[in-house]
Each structure stands twice: as structure tokens, then as C-alpha cells.
Amino acid sequence: MTSTDAISHMARALSEAKAAGARGEVPVGAVIVSADGRLLASAGNRTRELNDPTAHAEMLAIRAACTELADERLVGCSLYVTLEPCPMCATAISFARLKRLYYAASDPKGGGIEQGARIFSQPTCHHVPEIYPGIAEEEARALLKDFFSERREA
């Protein structure tokens, strides 16, 4: 995977995040790519739309990619997400056996990778993906900051 590919896939995730924000959802987007570079799934948050607290972008993308591959495991696949996954999503990433996790902005309040629960550091975690933080971090952080700023002003 070249850095150009990573930037391109994160750009797609950012596009999903922007669409989620336009729907009134927290602007987080996710993309899953197969080992050979094929786009398997992309999603943005839909928790409010679906009245489902598990409808995070990562969870929706994982479900769609598993359906696409007809497998509960995403071995060799990479996930690109605009915000550090929460503990729920980090656990799903481990269960899905994703090979790589790329994320843009860290999440000091709700993250589950470098912050908070640190799911992949727990002795009960059976699979840890390769982790690449900080791709398009400034754009993702600005998207989130603007979204919440607009909500506070309203």
C-alpha cells in the first residue's frame, strides 16, 4: 500500500464523514479495502437515522464488507476511518481480523485505541491490526470541530 493509496482511501472516508455531517450525524466516515486494493465498503455514521447506537461508520462498513465477502473475517483487509475508533468499534475490528487500521484524528474523549480503554493492549484481545494514525488528521479534526461548534451555536 503506497502512501498515495492511503491518502486516496482516507479522502473517500472523509467524503463519507461529510455526508454523515450533512445528515445531522457526527461526521465520521469509514472505508474498507481488500488486500488487492478493491473497495469493499464505505459508510458514514447513521446512529440517529437508524436509531441504533451501534451504527457507527466502522460497524456499518465492517458489516457491509463481511456481506460482500460472505465471511465474518476480513483477513488481509484495511480499514480507513476519520476518527480513532471507540472501544466497541475497536473490538469489532479485532473480531473481524482486519489487517490494518488507518485513522485520521485521535479521540481523547471516546477513543479505544490510543485513548481510554486501549482495547488492543488488553490481554483478552486476540487480534491486533497494524495501526497507522494521523492520515489527514487536520481535515478530520476540523470537520468534527466545525460540526460541534455549529451545534453549540444553534
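**Note on cysteines and a helix pair**

1. The sulfur of C77 lies 8.4 Å from the closest cysteine sulfur, that of C66, which is too far for a bond; a disulfide is a pair of cysteine sulfur atoms within 2.5 Å. C77 is buried, at 3% relative accessibility (buried means under 20% relative accessible area, with a 1.4 Å probe and protein chains only).

2. The model is predicted, so local features need pLDDT of at least 70 and side-chain atom pairs count only at pLDDT 80 or more, while totals for chains, interfaces and linings use all residues. Residues are numbered from 1 along each chain as its sequence is written, and side-chain values use heavy atoms, with hydrogens and water left out.

3. For C125, the closest cysteine sulfur is in C86, 14 Å away and too far for a bond. C125 is also buried, with a relative accessible area of 17%. Across the whole structure, the search finds zero disulfides.

4. Helix α3 (residues 57-69) packs with helix α4 (residues 87-96) at an angle of about 20°, their axes being 9 Å apart. This makes α3 roughly parallel to α4, a term for angles under 35 degrees. The crossing of α3 past α4 is left-handed (the near helix is turned anticlockwise from the far one by less than a right angle).

5. On the α3 side, E58, M59 and I62 meet M88, C89, A92, I93 and A96 of α4, where contact means heavy atoms within 4.5 Å. By class, this contact of α3 with α4 has seven nonpolar, no polar and one charged residues; Ala, Ile, Met and Cys are among those counted as nonpolar, and Glu is one of those counted as charged.

Methods. Axes fitted to C-alpha atoms, helices over the stretch in contact; angles between N-to-C directions. Helix = DSSP H or I, 4+ residues; strand = E, 2+ residues; numbered from the N terminus. Parallel < 35°, antiparallel > 145°, perpendicular 65-115°, else oblique. Buried < 20%, exposed > 50% of the residue type's maximum accessible area, 1.4 Å probe, protein only.
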